[in-house]
Amino acid sequence: MTARIIDGKAFAATLRGRVAEGVAAFREETGRAPGLAVVLVGADPASDVYVRWKGKATLAAGMVGTEHRLLAETTQEALLALVAELNADAAVDGILVQLPLPGHIDSAAVIAAIDPDKDVDGFHVVNAGRLAVGADGYVPCTPLGCALLLEDVLGDLSGLDAVVIGRSNIVGKPMAQLLIDRNCTVTIAHSRTRDLAAVVRRADIVVAAVGRPEMIRGDWLKPGATVIDVGINRVEDAAGRRLVGDVAYDEALAVAGAITPVPGGVGPMTIAVLLRNTLVAAHARAGLAKPAI
Ligand SMILES: NC(=O)C1=CN([C@@H]2O[C@H](COP(=O)(O)OP(=O)(O)OC[C@H]3O[C@@H](n4cnc5c(N)ncnc54)[C@H](OP(=O)(O)O)[C@@H]3O)[C@@H](O)[C@H]2O)C=CC1
Ligand SMILES: Nc1nc(=O)c2c([nH]1)NC[C@@H]1CN(c3ccc(C(=O)N[C@@H](CCC(=O)O)C(=O)O)cc3)C=[N+]21
Ligand SMILES: [Mg+2]
């Protein structure tokens, strides 16, 4: 058996197309374009790539993207002042502060300063709380993108056993919440989990968000399982410099029912959902009904 490869890149392109249609309708209705402000502190080369992609995607969707690049030495005070300015700016619907921030800055304080109604990353405690209690709010882009892929592949997820490996606030925890909401029976694994291979072997759905190259082996998987690989790891070996996921992809292909590749799986979905969240924020701020995407 060889697994179906889940084409996140194609799915994301379709989603971006729907967002672009929604943006055109929004512009018609309000006479302005949705605005996304991206803040990058320091010159981390990996972050730089994502920020540039976000800029291109915003433009292609018909939105207004603004980039705020600050020096690595920027003080927390200066960063908070910029966030306050963006909160007050009527042309800005969404604010994204690229993480990680330099060590001298308290990330939690910066995220807390973002207006929850402009928090298109869904990182603010208010949005985390809304997700936890099932209220309407902004859901972190990566796990929402994973949920959309899972529903596309599997349809109704009710009753399926899901294992999420990783418990970060931006991927693992919200992912588990979204799976619970879709009636999965969810296990959250992490670095203290005993016998991870046995835990993974029970799962119909495996979401790997660990940050360890190819840690999840093919023989850990239940045959036919659906595997969502969130990991993005830069490695250098005999095959050269490349990106690999948290799952040993070639091994998993022979066992899984379906799997996301890295690159071309979850990553493009993250950016498409970010645009979707920004469109939703623009509608809410303009007092319009939530768009159906
Ligand atoms: N595709 C995309 O759009 C995105 C990709 N990513 C990628 O996803 C991955 C995870 O990101 P993020 O959630 O931010 O990472 P974090 O480092 O915040 O969290 C990693 C999690 O993995 C767990 N973990 C670490 N080692 C092991 C182990 N040996 N066995 C089991 N669990 C382990 C940690 O456990 P503990 O809590 O016990 O320390 C932690 O909960 C990274 O590769 C990142 O680059 C992230 C965001 C977006
Ligand atoms: N506030 C904040 N919000 C984020 O959403 C956020 C962040 N900070 N910090 C960094 C992580 C990482 N992240 C990615 C987005 C897209 C790809 C992506 O499109 N990846 C391509 C490949 C990219 C490449 O070739 O390097 C793919 O997987 O196909 C990857 C990673 C968002 N993040
Ligand atoms: Mg810090």
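Okay, let's start with the record: UniProt, in an unreviewed entry, puts "domain: Tetrahydrofolate dehydrogenase/cyclohydrolase catalytic" at residues 6-121. UniProt positions are in the numbering used here, feature names are shortened, and annotations may be inferred rather than shown by experiment.

Before going on, this is a predicted model, where local features need pLDDT of at least 70, side-chain atom pairs count only at pLDDT 80 or more, and totals for chains, interfaces and linings use all residues. Residues are numbered from 1 along each chain as its sequence is written, with chains lettered from A and ligands numbered from 1 in the order in which they are written.

Back to residues 6-121: that span is 51% helix and 16% strand, and its end C-alpha atoms sit 24 Å apart. Helices (H or I, at least four residues) and strands (E, at least two) are DSSP runs, numbered from the N terminus.

Now, the helix to keep an eye on is α10, residues 266-285. Which residues come nearest to ligand 1? Out of 25 around it, they are Gly-166, Ser-168, Ser-191, Gly-211 and Thr-270. "Around" here means that the C-beta atom, placed from the backbone, lies within 6 Å of the molecule. Helix α10 supplies the largest share of that shell, three residues. By class, the shell of ligand 1 has 10 nonpolar, 12 polar and three charged residues. For those classes, Ala, Val, Leu, Ile, Met, Phe, Trp, Tyr, Cys and Pro count as nonpolar, Asp, Glu, Lys and Arg as charged, and the others, Gly among them, as polar.

On to ligand 2. It has 18 residues around it, with Gln-98, Leu-99, Pro-263, Gly-267 and Thr-270 nearest. The elements giving two or more residues to that shell are α2, β4 (94-97) and α10, and α10 gives the most, four. This shell splits into 13 nonpolar, four polar and one charged.

Two prolines are worth a look while we're here. The Leu-99 to Pro-100 peptide bond is cis, omega near 0°, and Pro-100 is in the loop between β4 and α4 (107-113). Val-262 to Pro-263 is also a cis peptide bond, omega near 0°, and Pro-263 lies in the loop between β11 (258-259) and α10.

So what packs on α10? Helix α2 (residues 45-60) does, at an angle of about 50°, with the axes 10 Å apart. Axes are lines fitted to C-alpha atoms, for helices over the stretch in contact, and angles run from 0 to 180 degrees between N-to-C directions. That's why α2 and α10 are oblique to each other; angles under 35 degrees count as roughly parallel, over 145 as roughly antiparallel, 65 to 115 as roughly perpendicular and the rest as oblique. Trp-53, Lys-54, Ala-57 and Thr-58 of α2 meet Ile-271, Leu-274 and Leu-275 of α10, contact meaning C-beta atoms, placed from the backbone, within 7 Å.

Then there's helix α6 (residues 141-154), whose axis comes within 8 Å of that of α10, crossing at roughly 110°. That makes α6 roughly perpendicular to α10. Contact residues include Leu-148 from α6 and Thr-270 from α10. The tally for this contact is 10 nonpolar, four polar and no charged.

Methods
Two residues are in contact if their C-beta atoms, placed from the backbone, lie within 7 Å.
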